Structure formats: C-alpha cells, structure tokens
Amino acid sequence: MSGESMVREAKKQLELRRLSHLREAQEKKDELYASVPRLAEIEREIAATGSAVGKSIFLSPDKVKEAIEGLRLRMEALKEERGAILKELGLPADYLQPKFDCPLCGDTGFLPDGTRCRCLEAAVKSAQYQRLSGLSPLSLCSFSSFRLDYYADVPDKNGIVPRERMKKLLDYCVQYAQHLSGDSPNLLLTGPTGLGKTHLSLAIAKEGIDKGRLVLYGSWQNFLNEMERERFSSGAEEDTMRQLLEAELLILDDVGTEFSTSFTQSAFYNIINSRLNCRRPTIITTNYSLDDFAERYGQRVSSRIFGGYTCLRFFGEDIRVLKKVKG
C-alpha cells in the first residue's frame, strides 16, 4: 500500500465514522420527533428560514438589511424554543447534533483552512501500523525489545566482540530513527540470517511512522512478485514501482533471496539509483557479505550501493536458534 493509498484508506475510514455518527443523530431525531412533533416543525421552520436568508439577496438594496435582520431574529427564536423543549425533557441543548469523534473537523479529516486534521494523520499512522503488523510482528520489533544478551561477550576468531559491536549498531539505529528525515543516510544491513537485521529495520519503521513519515516495508521478493503480476495482468496498474520510488522511507528486506533475472536486476538498479538521486532514504537488509553482494548484483549496482549507503555489519550466532535454547 502506497502513501497515497494509505491516505485514501484513512479518509475512507473517517468518512465511514462520520456517516455512522450522522446516522445515530438521525435515529435520535426520528425517535424524538415522533414523540414531540413540535421539534420536527421547528427543524423544518429553521431550514425554511435559512433558505429565505439566501433568497433575500434578490430584494432591493434598501430592503435586504431589514429582511436579513428579521430572519436572524426568527432563527434565534426558533433555536431558543427548541432549547427550551429539550431542557424541559432533561436533554442537553446539543442532543440532536451528531457527536463526532473529532470536534475540530467533524470527522472530515480537514480543518476549515483546508489543512489536514490531526485525526487524519492518526488514521494514516494506524493504516501503516496495520499494514506492517500484517506483514511482520511489528509490535514485537522495538528497540527496547532488542536483546543484546543473545550476543557473545567474548571475541570471535576475528577479535570482534559481538555484543559490543551490536550495542554500537543498536545505538546507531536508535539515533537514526530519532533523527529520521529526507537527509538521513541510506543503510545496508548485512550479515548471516538470524542476527536482528529485520528486527532493527522494523524498529526504525515503527519510529518513522510515529514521526508521521510514510514508510513502505516489505521483502524484496514480495515486491518483485507484485511487479511481475502487474506486468502480465491485463488492465493492472503498474503501481508498485511508483510506490517504491515515492515512499519517504523504503525498507527492502531479505534482498538476495529473489530469483535473479534481467528484470529483477533492472528493477533493483532503478530503485536504488532513483532514490539516491531524489535523496529519499532506503534501508536494505541482506544475508550476503559485501563481496558476495557485489558478485551477485554486479559493478553497476554495487558501486551505487557501496558509494551511497552506510554499511552496518551484524555479528553473532543465529538468535532464533538461541531463543529456542534460552527462551
């Protein structure tokens, strides 16, 4: 789902919410008008008075002011009468008005000046969370749940202490997420499977969404499958590539697991090159070493990656195996 799609979905949800409140208000009106017919009459008279205000502009200039003032007084009298009836029934003055969740915009998503209301931004964020949660255990992948005790605190054969190295990577990713912007660096997360690359990339995605960024996350293979479907499906819009290019933050997970073809190579280069040129940050996770990555994707792709990305190398043993042992 693209940023535009998520906004459309958020607007749709707000509209459904608004219609629900309007229906509830109408049901209350129908019930109350049936028992107090005078309230229904007042409603019709208010509507007729409002219509008459509009028609008064066609009067001669010397009569317009007098007509509008008379209609204003009539409108106030009707409203006062309605309020008195509701008070006598023990009901609040606004009983017949829709009770919208957002009093600022009436659940339309937009303020009177045309700017987005905070409730629309919250709905977009919710749509992003729902999408990512459907693809991954987003709620479990936070920085606070990243456990360093799974990494060895003794040097490996290369003299590197995995826990110390991963503590630095964790701190770097936390800072990256806190200062996420269009100027944020691109990241290449490399290392064997099960070392936390997906966990940290999702933690960054979560923070990005909280900051109001439109984040697009998914496995590279899934994105390719969608693009292939769009290429060969009659009438299908080729929308996935546009989404990948326009996302404020793009996270491509498990790059290197896809079946390599001229199409996949071309699509990968197009995304990398275009987003670098447009200065839109991208995060790539791969199980390949840097040498194997360069061999798989060739000089054209690897030169753009190695020249335009910050490489974060993950160390340690497969956490998924250790979790089964340690719990």
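Analyst: Rings of Phe, Tyr and Trp, the last taken by its six-membered ring, count as a pair if their centres lie within 6.5 Å. In this predicted model, ring pairs of that kind link Trp220, Phe268, Phe293, Tyr297 and Phe306 into a cluster.

User: What makes Phe268 and Tyr297 a pair, and what is the pair called?

Analyst: The ring centres of Phe268 and Tyr297 are 4.9 Å apart, and the limit for a pair is 6.5 Å. Phe268 belongs to helix 9 and Tyr297 to helix 10, so the pair ties together parts that are 29 residues apart in sequence.

User: How do you know whether Tyr297 is buried or exposed?

Analyst: Buried means under 20% relative accessible area, and Tyr297, at 5%, therefore counts as buried. Phe293, with a relative accessible area of 0%, is buried as well. Phe293 and Tyr297 also form a tilted aromatic pair, with 4.7 Å from centre to centre and 40° between the planes, and being four residues apart in helix 10, they are separated by about one helical turn.

User: Why does the span of helix 6 agree with its number of residues?

Analyst: At 1.5 Å a residue, the 14 residues of helix 6 should span 20 Å, and because its end C-alpha atoms are 20 Å apart, the two values agree. Helix 6 is mostly covered, with ten of its 14 residues buried.

User: What makes Arg300 count as lying over the face of Tyr269?

Analyst: Arg300 lies over that face at 3.8 Å from the ring centre of Tyr269, where the distance limit is 6 Å.

Key: Residues numbered from 1 in each chain as written. Predicted model: local features only at pLDDT ≥ 70, side-chain atom pairs only at ≥ 80, totals over all residues. Heavy atoms only, no water. Helix = DSSP H or I, 4+ residues; strand = E, 2+ residues; numbered from the N terminus. Expected span 1.5 Å × (residues − 1). Buried < 20%, exposed > 50% of the residue type's maximum accessible area, 1.4 Å probe, protein only. Phe/Tyr/Trp six-rings, centres within 6.5 Å; stacked < 30°, edge-to-face > 60°. Lys NZ or Arg CZ within 6 Å of the ring centre and 35° of its normal.
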